[in-house]
Every structure is written in structure tokens, then in C-alpha cells.
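Please inspect the sequence and the structure before working through the solutions.

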Amino acid sequence: MDDFLAARSQMALSLGFHIIFSCIGMVMPFFMAVSHYKWLKTNDEVYKNLTKAWSKGVAIFFATGAVSGTMLSFELGLLWPKFMEHAGPIFGMPFSLEGTAFFIEAIALGFFLYGWNKLNKWFHWFTGMVVGVSGLASGILVVAANAWMNSPAGFDFVNGQYLNIDPIQAMFNKAWFSQALHMCLAAFTATGFAVAGVHALMILRNQNKEFHLKAFKIAAVFACISALLQPLSGDISAKDVAKRQPAKLAAMEALYQTEKPAALLIGGIVNEKDKTVKGAIKIPGALSFLAHGNFKAEVKGLDQIPENEHPPVAITHYAFQIMVGIGTLLALISLIYFINLFRKKPLLEKRWLLKLFVLAIPLGYLALEAGWVVTEVGRQPWIIYGIMRTKDAVTPMPGIAYSFYIFSAIYLSLSCIVTFLLYRQIKMVPVLYDKTVIKSK
Amino acid sequence: MEYVVIAFLCLGILLYFLLGGADFGAGIIELFTSTKNRSRTRKTMYQAIGPVWEANHMWLIIAIVILFVGFPHIYTTMSVYLHIPLLIMLIGIIARGTAFVFRHYDAVKDDMQWLYNRIFRYSSFITALFLGIIAGSLISGHIDSEAKDFVSAYIYSWLNWFSIAVGFFTVALCGFLAAVYLIGETKDEYDKRRFIRKAEFMNIAAVIFGALVFLVAQFDNIPLIDWVFKNTVGLSAIILASLSLILLWYLLIKGKTKVLRILAGFQVTMILLAISYAHFPNFIRLKNGDAISLFETVGPPKTIYSLGLALLLGSILILPFLGYLFYKFQKKEE
Ligand code: HDD
Ligand code: HEM
Ligand code: HEM
């Protein structure tokens, strides 16, 4: 494996790993806070146990998220020193604020996990909320940093020099809002469906039904609301990309030729050599509408972009199809769920609906990873869009392939252990958290 | 604002050495504890650092963020030439951090614990060792920005006797800090005696390795002795550290805990001060005799201004909370 490819793969792997944990860290505290609130209001022991069970899970994820994040802040320099040398002072603002947010989050988590029976109960609840809010804030901040790479701002680029640096302007670049909004919704969607799905599975197995039903309902509401909003926010993102990064949009849609009006492609097999797409379903004019809000508008194809600035088309296109496909599916599931709630049908009778949720356990995360592949691969060959190329940023040190192999092994084993621990947490629910219900087959 | 940012950087590094160091030290102590006492040590340790351990590691992140935002040239020089030791330290941080949490949150306590414990102990040792190696390499003058081949650019930059001596010195200091901290955390007389003995052991080890560092520096043409003894600040710091050593042993034998902690922290602070004062604000010494100074590589003014503001704002928000956290869990027993 050549060093450049290894560095890109290692970065992608570390980020792809971190994002799973950070999403859980961002979202679970809110689920816990709801359950905690219900306990304080109703004095129903089940909610207290649920909060505790969830918080154990979160502690596991938090630690893994924190160490993988620490890893990332070094990795940016280890792998992309020439990028960081210039970008650090410009896009560093969100990172320094993020430091504050993380710090508050870590302290609040300390209070929350160790504060049972020691703190005033509402203060204790409040510390849980602080964990959630600061987690969300740090998510938004890092995404703003990433958005800067897509839409550089806050400096003047003159003869290869980065002048008049303004970190505030860099943080509030053109892409930050659409990306941050879409990312927050994605975190709720992905984590919500995963958690709801796991509890749905336990209900289907007739174990500790009351406990799991309560858990399911909390997670499902969050998941379904955000899954319904997701396509709307995705549309905002798409319009934004069309304006800012026509090459990325063309790659997402595998649009080799400029079209007016442009058709939307669904599926299809991309042939990067011949620059053709086979077997896709075409919806005339739809792409023009999605990208520019007008069925007749022209959409720039890759033919208008210099060859050496083309992103990898096939990966970007497939990843986009996966994200949108899953997004549509999850929105449908959410719609069905709300219709059912509205008609007041008891959930437990709708086993097929629960089965749908079980099916959706990995889907949210799949869409999330796919979405990041769209954003990051679609930005190539640039590390800072239009300013610096990725291959000019990579570290001069040879042998990155080995560090890539080591990290692949570490992340793989960590994922296995975390899955194993979670499995045990769930298996132990009858013993630790919910003794009331004996398993009935 | 430059000064604010640099002050926070120094504070971050210092606190990471003290708090994070005590945290690594706990694993090192466990490594050097006989098998029959290990589970007792583990218990005390968990009660002691459980609530705050996440916060301890934030200092590293703060320091690194300050470096890459405010002093990008230093950050990138480090990450290019010290790539390998940084990587090993990071792997250590990942391994010990996750093992620490896994062993306490695993819902079933069985043979897996054996694995978590192993990982935790060895990776604590490695992390502290490489933290020291990195610190030593920065000032050792072995980083060669003109190197042409792989080995002299990426290996000899950190694989030299001086860096390794500093590495072991750091391990001993971490163990010492942890032992002193743990003394105050246990009510049990037997455990107390054990930790006192550990602290004595680690303190002797630190003195020996400290002497070794000076010795190796002499052979390696690193003017460490000049730095420490040829200026008043370095000299008085080292004198204070030595004086407090006597007091420390007295207190150790007496088993007085509260003052002991402050004293141990004070000692390590003095040692860091003595070593770094003479070449401040130079952060990295290069082989060709040049040095990379904090002031010369500082980022553009607006960046430093907003970074300083963020840090000040952050500390106003954070410090009361952090203080309250420590306070609340100090008096948990009552
Ligand atoms: C649960 C996850 C999830 C789901 C269901 C969707 N997305 Fe998404 N999408 C993401 C998770 C995501 C993401 C991982 O969070 C990304 C990567 C970067 C970002 O800001 O969000 C993303 C990026 C992203 C981008 C690129 C933004 C950029 O590069 O600046 C576009 C155009 C869309 N999405 C559009 C959509 C549409 C039209 C969807 C319709 C259903 C959709 N997404 C569902
Ligand atoms: C956590 C979610 C993220 C995921 C899953 C992700 C995914 C990826 C992928 C797949 C690549 C490789 C692209 C390629 O080389 O073809 C990449 C590169 C990169 N990403 Fe991200 N990314 C994420 C967020 C971020 C954020 C928040 C930042 C920075 C602030 C960032 C910075 C980078 C950098 C510096 C590179 C290397 C340069 C490049 O390949 O362009 N990423 N990421
Ligand atoms: C879209 C991408 C990202 C999101 C949404 C995100 C979000 C988060 C969140 C919520 C946490 C808290 C940990 C938890 O609760 O489990 C976290 C941890 C962390 N992240 Fe990220 N992050 C992203 C990418 C990055 C990148 C690119 C870096 C590095 C430059 C980074 C550095 C860190 C660090 C240092 C921590 C540990 C802080 C701690 O100890 O709490 N993150 N991240």
C-alpha cells in the first residue's frame, strides 16, 4: 500500500470509528435525561434503573470516544503536517472552544455517574443535561471545522501565503450551518434507531417487557422526529453543495455531462474509465430542481471541471445512493410509527413494526458513514477546497502503511470488545436493573 | 494575549504531568504490586481516580490544541520527527483508557478481567515511558531537520540514551505521585503502610534515574547542568526540590498525607521548572544548533487573541465546576 493511500485510509478509519462513539456521546445523555426526568416525576423505579443501565453503556462509549478523539487531535499532525501548519491557526477556533465544551462535558459526566444519592436530585438531573448540551455543542464545533475545509473562509490566499487570518470568520464559513444541522439530526437518527432497535429486539424476545418498552419509546420518539426532518435538511445541504462545490455534486450524481435540465439518477453502475453510468433510473428534471430549486436549471457536470480536479466518482455516487436510500427508508418507518401512535394501537401487538425497528439497528450508522464518505471523498483531491491538495499535505515519513495496519487491528479489537461488553450489559438487565419481571416464554 | 496563551500551555503541560502522571502512576504501582495485594490497590485506586480521571486527560488535549492552533510550526515539527514515539504513546493512551473503563463497567466479572488488568498495567508503564521520551527528545537536540535518511530523521531523533533516561525518570515520578496520592485515599492501616513503602521506593528510583539523566546528558553534550545550575531560577528550584525532599521523607515516615501531596506536586513542579526555565521560550532544540522558540513561531495575532479569549472564558466556566467536583468527592466518606 503506498503511503499516501495509507494515510488517507488511516484518517478515514479513525474518523469513521470516532464518529460512532461521539454520536452516542452526543445523543444518549438526552435519552437519559428524559428517563431520569420521568423517574423524578413519577417515582417509577423502572425509569431509575433504565437511566442507570443507559449511563453504564454511555460510560463505556464515552471512554472509547474520548481516547479515539485524543488520537485524532494528534493524527491530524502525524498524517497531515503541512495542512496543519497552515490550517491550524485558521480553523483552530472551533477546536479551542470544543476543548472547553469537552471539559465541561467530562466534568459533568463525573458528577452524573458518581452523583447518585450524593447530590441534590434536580442538580443531578441538571448535570446529565449539561453532558448532553456540551456534547452537542462540541459536535457542532468540529463540524464547523470540517465545513471550513469544504468552504474555506477567513483568510486571503495571496501567492501561496495565508494572510489576514480571521478565525471567527473561518468558523462561520458558508457550509457550517447546513453541515452542523444535518450532522446533529444524523446523530439523533442513527443513535435513536440503534437504541430503539436493540430494545425492540428484547421486547420481541419477551424479556423484561416493561423495562424495554419504556426504553424503546423514549429512543423511538427522538429517532423518528429527526428521521423525518433529515431529508429536509439533506435538501438544504444539497443546494448548498451545488453552489459551493459543483465537482462534488457532479460526483454524487455521477453527472459526467452538463445537462439542462438535469435528470436525477437513482442507482446505476459507474464506469470511471468510459465516464458512463449504466442501468440507473432517470427522473427528468429532478436534479435541476433538487440542486437549484428550478426544474429547468442547468447543472454543471464533470466535463466543466479540469480532469485533475475530479473527485473519485464511483465511491461518492454509491455512498450518496446508500445515504439517501436509507434516509428515505427510515423516514418511512418513522411515518408508520407515528401513524400507529396516533391510532393508539398498542405497540406490543404490532410485532412487524418492532421487527422493522430491529432491521434498522445498523442502518442509521450506515447512512451516517456513507454521508461522511460523500462529504470527504467528494472534496478530493483537495484537503482545503481549491487551496491545498491532499497529496501536498501528507507527512514525509515513509511506512505509514504499517501504522495503518496497527490501527486497523486496534480499532477492530476495540469494536469487538465494546460490542461484547454491550451484549453483556443487556444480558444482565434482568439481574442488575429489572428484577421484577421473570423471563416468560 | 500571547502571554496568556503561553501560560495556559505551560499550565496544561504541568497539570498533565501531575494529574495524568498520577493516573499513569496508578497503573505502574499496580504493576509493581505483589499479586496478592493487587485487587486491594485496584479498589483504592478506582475510588480515588474514578470520578476525576476523565478530566485529568483533558489537559493533554488542551495543550495539544493550543499547540496546533497557536504554534503550528512546533506541533508539526513534533509530529513529523517524533511520529513513532507519539504513535506508541497514543496506542498506550488508547489501551489504558479503554481497559480502565472496561474493567469497571463489564457487567460480568470473569476471566476478561485478567486481560483488562494486564493491558492496563503494561500500557500505563509504556505511556509514561514514552511521554518522558518525547519530553526528553524535544530538548535533547537530536531532532535533525536536515536528515536525509529514514533512521536519522525518524529514529535517532528519539532513540538516544538521554531521551530514554528521561523516560524512566518520568515513570518513577509518575509512580511516586500516584503512591503519595493513594496514601491519603485509604483508611486501612495495612494499605497505608503499603503505599508509603511504594512511595519511598518510587522516590528512590526517581532520585537514581534523575542522577542518570544528568550523567547521560554529560556524555551526550547536552548542557543540562548549565541550564539547571547556572541561573538563579533553575538553581533555587532545584535547591527547593532537594530541601523539600528531606521534609518529604520525614512526613512519609510519619504518614502525614495532606501536606505530603502538596509537597510531592511541588517537587515535580520544581523539577520541571529547573529543566525548562533556562531555555524558555525555546521549545524544541534541533541538531544543527537552532531552536524553535514559542515567541518566534506564534500564530497570527487574531488567532492568538481569540484563542486566549476562548481559554480565559473556558476557565471561568470550568474552574468552579472542577473545584466543586474535587471537593464533593473528597468528602465522600463522611
Ligand atoms: C443518519 C444519517 C443520514 C441520513 C439518513 C441522511 N444523511 Fe446526508 N449526511 C449525513 C448523514 C445522513 C452525514 C454523515 O451526517 C453528513 C456528512 C457530512 C455532513 O454534514 O453530514 C451527510 C452529508 C450530506 C450531504 C453533503 C453535505 C456536504 O458535503 O456539505 C448531502 C447533500 C446530504 N447529506 C443529503 C442527504 C439527503 C438528501 C438525505 C435524504 C434522505 C440524507 N442526506 C439523509
Ligand atoms: C467523524 C466523521 C468523519 C468521517 C467519517 C470522515 C471521513 C473521512 C474520509 C473517508 C476521509 C478520506 C477521504 C479520501 O482521502 O478519499 C477523510 C479525510 C479527512 N478528513 Fe474527514 N471525516 C469526518 C470528519 C472530519 C472532521 C470533523 C475533520 C476536521 C476537522 C476531518 C478532517 C479530515 C482530514 C484532514 C482528512 C485527510 C485529508 C483528505 O483526505 O482530504 N474529517 N475523512
Ligand atoms: C464530525 C466529526 C466529529 C464529531 C461529531 C465529534 C464529536 C465528539 C464528541 C461528542 C465527543 C465527546 C466524547 C463522547 O461523548 O463520547 C468527542 C470526543 C473527542 N473528539 Fe470528536 N468529534 C468529531 C471529530 C473529531 C475530530 C476531527 C477531532 C480531532 C481533531 C476530534 C477530537 C476529539 C477529542 C480530542 C475528543 C476527546 C475529548 C474528551 O476527552 O471528552 N473529534 N468528539
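A residue is buried under 20% relative accessible area, exposed over 50% and partly exposed in between (1.4 Å probe, protein chains only). The model is predicted, so local features need pLDDT of at least 70 and side-chain atom pairs pLDDT 80 or more, while totals for chains, interfaces and linings use all residues. Residues are numbered from 1 along each chain as written, chains are lettered from A and ligands numbered from 1 in written order, and side-chain values use heavy atoms, without hydrogens and water.

**Exercise 1.** Determine which residues coordinate the iron atom of ligand 1, and whether H182(A) is buried or exposed.

*Solution.* 
Step 1. Donors are N, O and S atoms within 2.8 Å of the metal (3.2 Å for Na, K and Ca); water is not among the atoms, so sites may look incomplete.
Step 2. H182(A), through NE2, and M323(A), through SD, coordinate the iron at 2.1 to 2.3 Å.
Step 3. Helix α6 of chain A holds H182(A) and helix α10 of chain A holds M323(A), so the pair ties together parts 141 residues apart in sequence. Such helices are DSSP runs (H or I, at least four residues), numbered from the N terminus.
Step 4. H182(A) is buried at 17% relative accessibility, and M323(A) is buried at 18%.

**Exercise 2.** Identify which polar side-chain atoms lie beside an oxygen atom of ligand 1.

*Solution.* 
Step 1. A polar contact is a pair of N or O atoms within 3.5 Å.
Step 2. K248(A) places a polar side-chain atom 2.8 Å from a ligand oxygen; for R244(A) the distance is 3.2 Å.

Notes: Polar contact = N/O pair within 3.5 Å; in protein donor to acceptor, adjacent residues only side chain to side chain. Helix = DSSP H or I, 4+ residues; strand = E, 2+ residues; numbered from the N terminus.
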